[in-house]
Amino acid sequence: MTATITRKGLKVALFATCANDLMFPQSPIATVELLERLGCRVEFPEEQTCCGQIFTNTGYYDEAMGSVKNYLKAFEKYEFIVGPSGSCVGSVRHQHEMLARRDAGDAIGDRVAAVAARTYDISEFIVDVLGITDVGAYFPHRVTYHPSCHSVRVAKVGDKPLQLLKAVRGITVLDLPNSEQCCGMGGTFSLKNPDMSMAMAGDKARNVASTGAEYLVAGDNLCLLNISGVLNRTRAGIKPIHLVEILARTEGGN
Amino acid sequence: MSTDVSRGSRARHDAEPARRTPAPPAGDLIDSPRFQEAVKVALANQQQRANLRHATTTIRGKRARVVAELDNWQELRQAGEQIKTRVGRHMPDYLLQFEENFTKAGGVLHWARDAEEANRIVIDLVRQTGEDELVKVKSMVTQEIDMNEALEAAGIAAWETDLAELIVQLGHDRPSHILVPAIHRNRAEVREIFLEEMGRYGTPAPEGLDDEPAHLAAAARTHLRNKFMRAKVSTSGANFLVAETGSLVVVESEGNGRMCLTLPQTLISVVGIEKLVPTFDDLEVFLQLLPRSSTGERMNPYTSVWTGVTPGDGPQAIHLVLVDNGRTKALADPIGRAALRCIRCSACLNICPVYERAGGHAYGSVYPGPIGAILNPQLRGTASEVDRSLPFASSLCGACNEVCPVRIPISDLLVHERHKVVEAKKADPPHIPHTAEPQLIKAASWVMADHKHLEWAGLGTMMGSVVLGKMLGIEKFGAMPAPLSRWTSARDVPMLPEQTFRRWWKQNRGDQK
Amino acid sequence: MNAKDEILARVRMALRDVPTGEIEADAPIDWQYGQPVEVGDVLDIFAERVADYKAAVVRCSQAKVPEAIVQGLQAAKVTSVVVPPGLDDGWRQAITQSGMQLHVEQPEAPLTNTELNEIDAVVTAAAVGTAETGTIMLDHTADQGRRALTLVPDVHICVVRADQVVSGVPEAVARLKPAVLAGQPLTWISGGSATSDIELSRVEGVHGPRTLHVIIAE
């Protein structure tokens, strides 16, 4: 039943992300447990904080540099950096280099680009680096998957999360109508454009509810927070869960 | 001569003669409210939301089907990007080459620094013909410079001939979409507008007109036929200017464009300087990209190409007004200039979840949607409330990046424009009223620059949440005070966990090092 | 400074980070121009795609073209026809013999717009046909006539020779370039006039000819 491990004993640095650290610790915990089960040695560089996109995407480039430099300090010595968030990983890969070059020129820019290139979303790391799609998980429930915008269009994880999800034993993956449309979270967008954000979240929640799923799955907890906030308010009874928490569950396990 | 086209003269006076054309809504677009305020009105308009959802869903499906037919779509997009990048980076060469070839072919070229100058040139040209009316091909730049109102103030009636523009003009309305300006209207609304207004400005709608789109289109055909037949002057925009040959290209569907470009004696085209392509061969790229991206067709019904004056065929007086009106400001930004690649296909509007719900009017400009959220602050600056709010009118979902036929990195440019707004705020705080945002961001930035700060902040928030939860005996937060109330007004937010990941790691894996 | 000089100065100032000259090296274009596209049988696809626009398509031999023209005109129930001065004599005679009122455009005494508006149909040749998009391209030389001829009458019967049909837009653009360099205008026609301006639902027939009838001469 155990999956084929092609690169056993790989040392992996966990990029927990600030939101997961403070608000959703169960996701990085599941990431640690899953990676260890797949034979990796996980380290958590404690200097890490945040990808900085809350600053970058609000237009505060100077203020994002603290996060960029800190990321470099925390992760530069690692070959594989893995995080349970397409959005944060996407920001590291897509924005850090631009910010660094703008702020401090090419010297730090090259280093930042190099470390960014070694940063993976958990789904990519398992499928592309470990070469696994069946992680030996067990989750006997009906789920539907929301491909978060930044995981698909910035980190470009493609259908890897779905490959992993569909290989889980006991699971039923239901198609989410209009799945590719944004849930309206968008970081500070939800604060700056609250009415629009709510309209988008409401439509997304309706689509989720229409699937008849027990669980809504995504690779980004803030999108789940946004959509489940509406689902909870409307008493839809659909529980949010991060992809990695499903992948971490085994038959007879947690 | 220039004074009578100025904005001020548009104020209604009792003594002023009656208007020739239907009046648009009062006020200037630049004075529009901030996007997030305008959106409240749009979101409450259930009819408009239904119209837009239907229309954008339809067009998205059509586009996806015809794009999937081409194996080399990505190569075409790259070619579109590269050609437009070449034009942008070497514009003086292409402007001069175009001028030489266009002039050699008998065209008369005029240059306009801004909207006022462009309008003045058009008015002068129309007056020289002795005419007091013209027919118009749909054109974004003439909307941008508000040409119809300048003409009206000068006593010249400009008749819109594109069906959607006709609906907007007769409806005393403003366009809300680049390609389908009346996308916010449904068939029943169009019928009402035609029955009510057509007779006031020409051939009335037939009695008993129903709301079948084919019948509505037929009513427009009848209404405009007489105007086409008698028109001596027309105006157009152009989708492309070909430097190598001096040709203009107009891409359209209904044949109203061909009417305007062919039947009158004088044709005045008003075109932005960024519309250039280097060679005629380049059209093989753009005439594949544009129709599939905009109307979702393999090819639009009609494309017209003309090169100056053709003896015995079409207008014998051919003018072109080349307009800057802020484009050189956009060009001066090495990152932002990518937006000038835009070929106005509107694929980014149609795919945008924000546009789909907001509609075009909320953007306070003739350029709505993701591309408008970039172009408007670039062309108009960030002095107005609406232009400062537009770069933030996006969740940065990135759907627009994938459909743009010239690969404009729209999300990146939105972030870039946000940065420019923030820099302006920082540089001139008393001039630009703002919230406590810069201070909050500064504090958060301090937290994120060092993990110890983050731990303290986390601990504080966590304890606050736990204590509050225990005191209130609740497991989730409902309504919260501002600014979080913006978030919790319709969402429930779970309580923060009692333990951060960082603490879990210390307790469970902390001995590893 | 006049407007032209000022705009050019602004453009040059805006682009002061860009090296001048060496355009190809500074902004390369990787596209291969003028390539045929893979569509299978060019004539079959052309016929199919023209018909997709709800235009009538008839395929016949060169010899049968006059007959096909008359049949097309009769099907559209027209009584008056205008043709460009350079239209094939045989086609012209067939129309005359069918009893329809024929007007041959005289460049030195062209019809007014209003006169043209009174005529039911126009018959022309074409310059190029494009299979992939189902497009007919006119370069308005003598067998197609000035642009108004193929615009104002409500029925357009257009004869495209098999050797004029190319695979896709790139080949078509290459074929049309000499005409443009000679100063000819172009009109590309893909089906009858249409609009999608009301609820994005396509309606055939607005200002241009509402009936497009294409004869492919093989």
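**Figure 1. Overview of chain B in the predicted model.** Chain B holds 23 helices and 12 strands, taken as DSSP runs (helices H or I, at least four residues; strands E, at least two) numbered from the N terminus. The model is predicted, so local features need pLDDT of at least 70 and side-chain atom pairs count only at pLDDT 80 or more, while totals for chains, interfaces and linings use all residues. Residues are numbered from 1 along each chain as its sequence is written, with chains lettered from A and ligands numbered from 1 in the order in which they are written. Of the 513 residues of chain B, 57% are buried, meaning that 20 or more other C-beta atoms, placed from the backbone, lie within 10 Å of the residue's own. Contacts are residue pairs whose C-beta atoms, placed from the backbone, lie within 7 Å; among those in chain B between residues at least 6 apart in sequence, 75% join residues at least 24 apart.

Figure 2. Strand 2 (residues 133–136) pairs with strand 4 in the parallel sense over two bridges; pairing requires at least two DSSP bridges. Strand 7 (residues 266–272) also runs parallel to strand 4, joined by four bridges. B:T235 is the bridge partner of B:K136 and stands opposite B:I268 in strand 7.

**Figure 3. Helix 7 (residues 122–129) of chain A.** Six of its eight residues are buried: A:I122, A:S123, A:E124, A:F125, A:I126 and A:V127. Their cover includes helix 2 (26–37), strand 3 (81–83) and helix 9 (160–166) of chain A. A:G131, with a positive phi near 70°, follows the helix.

Technical notes. A residue is buried if 20 or more other C-beta atoms lie within 10 Å of its own, exposed if 12 or fewer, and partly exposed in between; C-beta atoms are placed from the backbone. Two residues are in contact if their C-beta atoms, placed from the backbone, lie within 7 Å.
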